[in-house]
Amino acid sequence: MSKTIIISNRLPVQLQISDGGLTAIPSVGGLATGMKSVHSGGESLWIGWSGLTDEETPEALETEIDNALKKHGCAKVKLTEKDIEGFYFGFSNRTVWPLFHYFLEYSEFELDFWNTYKAVNQKFADAIIAQSDEGDTIWVHDYQLMLVPQMVREKRPNTSIGFFLHIPFPSYEIFRTLPWREEILEGLLGSDLIGFHTYDYERHFLSSVRRLLGLDVSFNDIYLDHRVIKVDSFPMGIDYKKFKDAAIAHQQSTKEKRSDFQIKLDDHKASAPDTKLILSIDRLDYSKGIAKRLNAFEYFLNKYPEYKEKVRLIILAVPSRSNVPQYQLLKKEIDELVGRINGELSTVNWTPIWYFYRSLPFENLIDLYTSSDIAWLTPLRDGMNLVAKEYIATRTDKTGVLILSEMAGSAYEMNEALLINPNNFEQQADTLKNAITMPREEQIARNMFLQNRLERYNVEVWANEFMGALNRKKEGSEPFVSQKVSDVILNQLSTDYSKAKKRLLFLDYDGTLAGFHKDPQKASPDEELYTLLDKLHHQENTTLFLISGRDKQTFTKWFLPKKYNMIVEHGVWISRDGEEFKLLEKVKDEWMGKIKPVLESFVDRTPGSFIEEKNYSMAWHYRNTDPDFGQKRATELNTVLTSLIGNDDISVLNGNKVMEVKSSNVNKGRASVRILGEDDYDFVFAIGDDWTDEFMFQELPDSAVTVKVGLKKTQAKYYVENTKRVRELLKRFIK
Ligand code: GDG
């Protein structure tokens with residue numbers, strides 16, 4: 001039976017060894033909860049690090065640990081102290097974390113970290129391979145494991161693999177600084193589905209894939225040889241019910257049942273009923289903007305001194321990654337800032353900031369959420385930020401104001417919150433005032449929308465949506481293009497070919513027989529191709545046509561001495577058996593003088609693009625431009641040309657990184673059908689890679705074998721992955 005395998009750096013179970021004994025406690029974090037529906041019973045397995053290094057694990061306990069984990073549906077990856085140092089504290093948290101959160105100056109590019117990251121990712125991949133079968137579904141989580149999808153794909157080519165990134169994916173300008181950027185992208189592209197919290201992260205990722213790997217991207221699909229990788233955004237939700245129910249229980253609990261923490265909070269509220277409590281909860285991390293928030297709070301108190309003694313800021317900073325020097329410095333900075341601000345502004349009755357550097361039990365977290373009038377969260381960069389969502393979920397009477405940084409992923413879904421730029425103190429001071437004085441009705445109106453959305457799109461829905469998208473990909477229920485030329489089909493084609501009495505072949509050149517080159521003139525045929533074409537050309541009862549959009553001069557130089565039949569400029573010219581090219585179609589060229597200046601102005605404004613002038617058409621090539629910019633300009637040019645040509649008999653063809661303007665009555669479809677009518681062929685074959693070849697696929701009769709190169713939408717019956725496969729296919733025709 002196929003199963004689901006979840007992989008994350010840490011397992012959702014905490015192991016504790018004390019007095020030689022072992023306890024395994026399930027964690028209650030958001031991810032573990034969200035995965036409940038995915039990670040259920042015997043049909044799923046969660047693989048990760050147990051939290052204990054090999055050095056900390058007594059050998060005698062190994063089996064006991066494995067058994068304890070098994071009870072929770074988990075299996076461990078064994079890591080040494082050195083692994084954790086280089087992989088977790090090193091590459092993950094000193095290279096990727098700062099870089100992906102736009103702290104370029106904190107990012108350390110250490111070869112040793114990278115090597116350990118690779119080795120540890122391999123350990124995770126090996127554990128997956130050892131525990132999985134081909135039909136399983138694998139879901140890999142987060143930035144610590146970005147190479148795992150590709151490593152698993154190598155050994156399990158047909159397994160369905162999903163990846164979700166919990167942190168931001170930075171813009172190309174930031175990501176490109178990473179020395180191992182291509183390897184990271186290639187690692188991720190081992191997946192079938194890659195998920196991000198927001199559309200912006202998705203957009204940044206696609207832009208890096210296009211620019212650094214030069215892959216074709218269409219909407220949110222990446223085309224990689226024979227695979228299509230889907231990229232999408234799935235904003236993570238929370239376990240809404242858990243927070244809501246805890247808040248209701250908290251509200252209904254009797255005085256005696258309240259926690260000590262709540263009693264202190266209540267005493268404080270009773271002694272100063274007009275004082276507003278402002279809450280912030282974060283891991284102590286520089287990305288969370290804690291120091292800036294403290295400075296902004298001081299700024300607010302100085303700008304609006306009437307709120308002194310009327311507000312209190314509660315900062316809960318949860319210890320995190322304290323082995324990393326940057327975090328130690330941050331801790332020192334925050335300790336000092338709190339000390340200075342409290343020292344300068346406190347009065348006998350009032351301390352402006354209550355600062356807790358610790359992790360609190362869940363119960364106290366609820367105490368804080370339900371007791372605070374305002375939640376003030378100011379990350380400088382945050383993948384999502386679940387605290388913002390949790391605060392809203394606990395507001396049973398719908399009061400409370402959320403002030404949220406627009407740099408958090410959650411801000412995209414929480415428009416009804418007061419959104420701020422954490423670097424703008426003026427705006428924050430005014431927003432704090434606005435929050436303190438916000439009428440109750442307005443608070444309720446805003447929170448009603450927020451709660452409805454959070455309740456609906458909770459963490460379980462998030463996990464199910466991701467798995468649903470992954471399964472849909474696996475089942476191939478997506479609209480797909482054509483049938484792959486499998487070994488069986490290849491054998492059939494080869495048999496049909498041998499049996500045929502008269503064969504006609506149409507072979508496109510660029511992107512089909514030969515790969516693309518930055519300079520089209522340099523994409524000349526190699527010896528292997530000449531040999532292949534010679535053999536096909538000299539076969540009995542076989543008519544071979546090269547059919548291309550190229551100009552006749554180039555093909556004259558490359559192929560005329562070989563006496564191949566050729567149709568060029570999409571069907572304007574024809575040459576047979578080594579004769580000079582002749583006009584196949586009567587075409588007009590008066591329009592060219594009108595169009596040329598337009599194309600020239602696009603060349604001037606689009607670095608890397610150029611014009612190719614043919615006898616009866618003109619092409620604007622943009623393969624060598626910045627991909628986004630080139631695409632934008634192509635759209636613009638299309639609009640300009642369409643309005644210019646009006647009713648003239650000319651049309652614009654969108655090829656592969658080229659736009660071509662030519663007479664409407666000329667295309668490869670029309671040309672190929674003309675040749676077909678000249679004799680009685682019983683095996684007709686056409687192969688090509690781009691838009692212009694679709695005319696052939698459309699117009700040739702149904703009995704023709706039509707093949708598209710690359711995975712794109714097509715009218716062709718079959719597809720092959722790349723030019724290498726084209727040559728392999730053609731070789732099968734030569735006995
Ligand atoms: C990463 C991304 C993304 C905090 N203090 C205590 C405590 N917490 C809990 C909160 C919340 C969680 O920790 C923090 O989640 P965040 O989302 O705010 O932040 P990160 O830890 O940085 O998480 C982030 C997330 O992954 C998910 O994809 O949203 O952007 O950085 O659930 O409640 N829980 C308890 N005591 C505490 O003292 N019990």
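These legends describe close-up views of a predicted model.

**View 1. Strand S13 and its two faces.**
Strand S13 spans residues 311-318. Eight of its eight residues are buried, so the strand is largely enclosed by the rest of the structure. In a regular strand, side chains alternate between the two faces of the sheet. Val311, Leu313, Ile315 and Ala317 point one way from S13. Arg312, Ile314, Leu316 and Val318 point the other way. Both sets are buried, Arg312 included.

**View 2. S13 beside strand S12.**
Strand S12 covers residues 276-283 and runs parallel to S13. Eight bridges join the two strands. Lys276 stands opposite Val311 in S13. Between the strands, the chain passes through helix H11, residues 290-303. This β-α-β crossover from S12 to S13 is right-handed.

**View 3. S13 beside strand S14.**
S13 also pairs with strand S14, residues 353-357. The pairing is parallel and has five bridges. Ala317 stands opposite Tyr357 in S14. Helix H12, residues 325-345, belongs with S13 and S14 to a β-α-β unit. That unit is right-handed.

**View 4. Helix H20 and its buried side.**
Helix H20 runs over residues 552-559. Its buried residues are Lys552, Thr554, Phe555, Trp558 and Phe559. They cover an arc of only 155° around the axis, which puts them on the same side of H20. What do the buried residues of H20 pack against? Two of the partners are helix H19 (527-537) and strand S20 (542-547). Strands S21 (565-568) and S22 (573-575) are partners as well.

**View 5. The N-terminal end of H20.**
Asp551 caps this end of the helix. One of its side-chain oxygens lies 3.2 Å from the backbone nitrogen of Gln553.

**View 6. Asp693 in its loop.**
Asp693 sits in the loop between strand S28 (683-688) and helix H24 (694-699). Is Asp693 buried or exposed? Its relative accessibility is 0%, so Asp693 counts as buried; the cut-off for buried is under 20%. The Asp693 side chain reaches the backbone nitrogen of Asp690 at 2.9 Å. Leaving aside residues up to four places away in sequence, Asp693 touches Asp508, Lys668 and Gly688. Of these, Gly688 lies within the range of S28, 683-688.

Conventions:
Residues are numbered from 1 along each chain as its sequence is written. This is a predicted model: local features need pLDDT of at least 70, side-chain atom pairs count only at pLDDT 80 or more; totals for chains, interfaces and linings use all residues. Side-chain values use heavy atoms; hydrogens and water are left out. Helices (H or I, at least four residues) and strands (E, at least two) are DSSP runs, numbered from the N terminus. Buried means under 20% relative accessible area, exposed over 50%, partly exposed in between (1.4 Å probe, protein chains only). A polar contact is a pair of N or O atoms within 3.5 Å; within protein, one must be able to donate a hydrogen and the other to accept it, and residues adjacent in sequence count only if both atoms are side-chain atoms. Contact means heavy atoms within 4.5 Å. The arc is that of the directions from the helix axis to the C-beta atoms. Two strands pair if DSSP finds at least two bridges between them. A crossover is right-handed if, with the strands pointing away from the viewer, the path from the first strand over the helix to the second runs clockwise.
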